[in-house]
Amino acid sequence: MSTDNGLIKPYASQFAFISRCLDSTLIIVSVGLVAWVGNLPLDSDIWIAGFLSGLLHQILSDFTEIYRSWRSETLWAEAKQVMMCWLIGFSVIFMVGQFSPVQDTLFTWPMFIQWFFSALALLLLWRLFVRIGLRYLRSHGYNTRAAAIVGTGPLAQKVASRLDSATWAGYRLDGFYDDRQKEESLSSDCRRAAGYADDACVSVGGFDVLVEKAVSGELDSVYIAMPMRAEARIRELLDRLANSTATVYVVPDLFVFELLHARSINLNGLPAFGLIGEPMRGLNGWLKRGEDIVVSSLILLMIMPLMLGIAALVKLTSHGPAIFKQKRYGMDGKPIEVWKFRTMKVMENGNSFRQATKDDDRITRVGAFLRKTSLDELPQFINVLQGSMSIVGPRPHAIAHNEEFRCQIKSYMRRHKIKPGITGWAQINGWRGETDTLEKMEKRIEHDLHYIHHWSVWWDVKIIVQTIFKGFVGKNAY
């Protein structure tokens, strides 16, 4: 066992107090520094602005929890909370500052921008240096934490892997414990997950050994990674560990479910886990909407002459309107009207709908070309601007198809947790056009859900670029 002289652990509350003082001091110093560089008089108004900012930062810190323990989390996770706290506080001070005596000096461009970024840089830099220092200490056996894992199954292996990959946190895996597992039968998977060689000795025993170590103070943390069906055994172990000072975590066995942007909430004091979440909530939703507005506006400006020409051609070559509005399912399964150039002699809608096939006699001569090149979907950029669709997302299916496949394909309706798109991950991978077999639709849904799970702005850009080169024309588009 590594020697740990506990340099920091007994002083966690003092460290949090020092962190608070340092943050407020740096905010005050930054405003003075910006004023000095900008040749502003360092009078009382400048220092009052800095003091109020530091005070407001402390008030907001209790809501953003920036002074809690970040040992098990990444620097980026901590940095995001710090940035949010400072952004909110600075915004309030900036608005109040518009009515202050320093409105014409400190709270003008570029002074307030310089203050914002200089303070943010200082708030983040000292945290970076502290993490580097702690990482060095922990790599030499100081300020480490002895962690034990209860269980030896896949979930326990995942916990061990996460502890091992958190190199900055200084966790020392004491071993796996299970009252139904013998030491000699511990799988090599558990050993590898913990970063040990197959022939290394990993301390494994039953609950009696675990409780004895926890009570004696040899363990700092205990992670219970057992299936939910083992509730009785978990309760028994928690009762026995109550006499120790070890911090006990229960890792929910939620991996048995197919999670979609899962998150935890506080339900009026009761913790609850959302297994099927909202991928585009909060900042992600704003980014996605901003991307849609900018891109669709630019594209509409470029293609408007082409759209007018196509509309005239459709109108002149067949009877009926140029634009066909078809009912589809949108976000959260709510009905929307998707705009398309009319490509058929009929306008089927609602629950009675037959998908286009090869050599379909309903398709007009102009319509065949429009469908093959996806030019019939250009009016959907208007849907995007209206907010019912997105540039990138799962393609909207006819209502009749939704009702048919939602009962045949697992997780089919989860594709409606985001707005439907003009193009998508499934389309550029060849799963567009006719889905005449269940297997084809399953592959499309598989790609749609993969996109929802891993969405990012840069991935949207990649899909848009790939659509230009290979997403418009496809062998399955009739």
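User: Which residue in S2 stands opposite Ala 147?

Analyst: This is a predicted model, where local features need pLDDT of at least 70, side-chain atom pairs count only at pLDDT 80 or more, and totals for chains, interfaces and linings use all residues. Residues are numbered from 1 along each chain as its sequence is written, and side-chain values use heavy atoms, without hydrogens and water. Strand S1 (residues 145–150) pairs with S2 in the parallel sense over six bridges; strands are DSSP runs (E, at least two residues; helices H or I, at least four), numbered from the N terminus, and pairing takes at least two DSSP bridges. Opposite Ala 147 stands Leu 173.

User: Why is one side of S2 and of S4 left without a neighbour in the sheet?

Analyst: Four strands form an open, parallel sheet, ordered S2-S1-S3-S4. S2 (171–177) and S4 (247–250) stand at the edges, so each has a single partner strand.

User: What angle does the direction of helix H5 make with that of S1?

Analyst: H5 (residues 154–165) packs on the sheet and touches S1, S2 and S3 (221–224). Contact means heavy atoms within 4.5 Å. Axes are lines fitted to C-alpha atoms, for helices over the stretch in contact, with angles from 0 to 180 degrees between N-to-C directions. The angle is about 165°.

User: Which residue in S8 stands opposite Lys 327?

Analyst: S7 (residues 323–329) and S8 pair in the antiparallel sense over seven bridges. They form a hairpin with five residues between them. Lys 327 faces its opposite number in S8, Glu 337.
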